[in-house]
Amino acid sequence: MHMIDLIAKKKKGQSLDEQELTVLAQGIAHQSIPDYQITAWAMAVYFKGMTNSEVVAFTKAIINTGQTLDLSQIIGFSVDKHSTGGVGDKTSLVFGPIAAAFGLKVAKISGKGLGITGGTIDKLAIIPNFKSDLTIENFIKIVNEVGMSIISQTENLVPADKALYALRDVSETVDSLPLIAASVMSKKIAMGANLILLDIKCGKGAFTTDIITARKLAKMMIDIGKAFHKTVYAVISDMNKPLGQAIGNALELQEAWLSLKNQGPNDLKELVANLVGLALVAAKKVLTLEIGIKQALAMFESEKPLKIFYDFVAAQGGDLTYLTNIMQLPPCKYLLKVIANRTGYLTFTNNHALGELSVLLGAGRVTKTDVIDPMAGIYVKQIAGQKVLKDSIIMELHTNKVVTLHDSFVALATSAFTITVKQPPNKPIILEIIM
Ligand code: URA
């Protein structure tokens, strides 16, 4: 079997069978297929798609390139939550402690930032000494003792996804639905948690920009889950504006910390409450989603989640004084203000631009080897849909980048919103729930 024939088949819109997909996944994992042929095949998938059975077979083939975890030693109901990636998305840092406060076991593998979207591992990595490369034994021990643990993808877990992902990132093939679905679900199934909880981001700051495509992605992932006899619940959440007010690693860690003290933004709280509510239903701890959401909202008032967060960070070696002093971190050298040029209502029109800007300010990577600037990012001072006054500050841009770039940063920030005379309709954060 030659790779060139597999590319030709996909180019003509035909599906690959199980045997062909196995050869392909093994070749990706063991680097026996050259990168240019893998990316040519990925581009053919981008244009021609995959059938349902093909995407399931490809997911299985990717999983079989590495180890699968046995989480049976986790005592209680285990949950693995995953977002398809968004701007300002610090949900996992709040979801974990709130869910664990109910006795749920949050066992999560997270990734680094990708393109314009931030990653949980990058946010945790700025806490001095925090370790995300734990042994599986240690991971399970922390989940049992603390209620949550977040680790990075190990070398042995779905290596084909790791390799393919790196190639997709640089070949404009990230936003292919079957490739996203197989990538996310292969990791989640290899992890083996009782519940896979998906947060499918939808809007200009996400890989799926409209609701029809987001629904298609949700269905594809749920169907993969069904083929592996997994319980998968999903929310589709709005990404036409940043989640919360902070974008950037330390700024988001601050916002997550505030949220765990019940002083965070409402959209983040509502999203987390819905996700925790779904997990409580799946774990049969409540009868209805409404009750689950209500209980999750009430849990924000407890001191328990913040304690769990501290215990989790300490268990993974992190310096707790960094967290307790998180609001006093030394700022970036430059703080650029983006000012309202008129009075009116704030609407974000291009959330993608804010994601792009956060990377340029230093909060993300342009190349794989770039080092992240922990303090760089954007703080949105105003709430979307609310009235802003002329000359008030819409956003603050935190950066250590050279002064010659500053005007272009402010221009990019300004291109991301409009101020309208009429108040826009209130948009909910949760667009749909699928269970
Ligand atoms: N997250 C993943 O793990 N894979 C994708 O393809 C997109 C988001």
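I began with serine 78, which counts as buried because its relative accessibility is 2%. This is a predicted model, so I kept that in mind for everything below. Serine 78 belongs to strand S1, residues 78-83. Setting aside residues up to four places away in sequence, I found serine 78 touching Lys105, Ala193, Asn194 and Leu195.

**Entry: the ligand**

Which residues are around the ligand? I listed His82, Thr84, Tyr165, Arg168, Ile180, Ser183, Val184 and Lys187. By class, the shell divides into three nonpolar, three polar and two charged residues.

Next I looked up the polar atom pairs. Arginine 168 has a polar side-chain atom 3.0 Å from an oxygen atom of the ligand. For lysine 187, a polar side-chain atom sits 2.6 Å from an oxygen atom of the ligand. In serine 183, an N or O atom of the side chain is 2.7 Å from a nitrogen atom of the ligand.

On its own the ligand has 240 Å² of accessible area, and the protein covers 91% of that. Two elements give two or more residues to the shell: helix H8 (159-169) and helix H9 (177-191). Which element gives the most to the shell? H9 does, with four residues.

**Entry: phenylalanine 139**

I moved on to helix H7 (residues 136-146), where phenylalanine 139 is found. Is phenylalanine 139 buried or exposed? The relative accessible area is 0%, so phenylalanine 139 is buried.

Not counting residues up to four places away in sequence, phenylalanine 139 touches Leu71, Ala107, Lys108, Leu134, Ser149, Ile150, Ile151 and Met191.

**Entry: helix H4**

Helix H4 covers residues 52-63, and I wanted to see if the length made sense. With 12 residues at 1.5 Å a residue, H4 should span 16 Å; the end C-alpha atoms are 17 Å apart, so the two agree.

How many of the 12 residues of H4 are buried? Nine are, so I noted the helix as mostly covered. The buried residues are Glu54, Val55, Val56, Ala57, Phe58, Thr59, Ala61, Ile62 and Ile63. I had a reminder to myself here: an α-helix has 3.6 residues a turn, so residues three or four places apart point the same way.

What do the buried residues of H4 pack against? I found helix H1 (3-11), helix H2 (18-29), helix H3 (35-48), H8, H9 and H10.

**Entry: helix H11 and what follows**

I ran the length check on helix H11 (residues 249-260) as well. Its 12 residues should span 16 Å at 1.5 Å a residue, and the end C-alpha atoms are 17 Å apart, which agrees.

H11 is mostly covered, with 11 of its 12 residues buried. Those buried residues are Asn249, Ala250, Leu251, Glu252, Leu253, Gln254, Glu255, Ala256, Trp257, Ser259 and Leu260.

Just after H11, I came across asparagine 262 with a positive phi of about 60°. Further on, proline 265 lies in the loop between H11 and H12. Proline 265 counts as buried because its relative accessibility is 10%.

What is proline 265 in contact with, leaving aside neighbours within four places in sequence? I found Gly244, Gln245 and Glu255. Glycine 244 is 21 residues from proline 265 along the chain, and their C-alpha atoms are separated by 5.3 Å. Glu255 is one of the buried residues of H11.

**Entry: positive phi in loops**

Most residues other than glycine have a negative phi.

Histidine 229 has a phi near 55°, a positive value, and is not a glycine. I placed histidine 229 in the loop between helix H10 (211-227) and strand S5 (231-238). With 75% relative accessibility, histidine 229 counts as exposed.

Lysine 284 is not a glycine either, yet has a positive phi of about 60°. I placed lysine 284 in the loop between helix H12 (266-282) and helix H13 (289-299). At 74% relative accessibility, lysine 284 counts as exposed.

Technical notes: Residues are numbered from 1 along each chain as its sequence is written. This is a predicted model: local features need pLDDT of at least 70, side-chain atom pairs count only at pLDDT 80 or more; totals for chains, interfaces and linings use all residues. Side-chain values use heavy atoms; hydrogens and water are left out. A residue is near a molecule or strand if one of its heavy atoms lies within 4 Å of it. A polar contact is a pair of N or O atoms within 3.5 Å; within protein, one must be able to donate a hydrogen and the other to accept it, and residues adjacent in sequence count only if both atoms are side-chain atoms. Accessible areas come from the Shrake-Rupley method with a 1.4 Å probe; for residues, only the protein chains shown count as cover. Ala, Val, Leu, Ile, Met, Phe, Trp, Tyr, Cys and Pro count as nonpolar, Asp, Glu, Lys and Arg as charged, and the others, Gly among them, as polar. The expected span of a helix is 1.5 Å times one less than its number of residues. Buried means under 20% relative accessible area, exposed over 50%, partly exposed in between (1.4 Å probe, protein chains only). Contact means heavy atoms within 4.5 Å.
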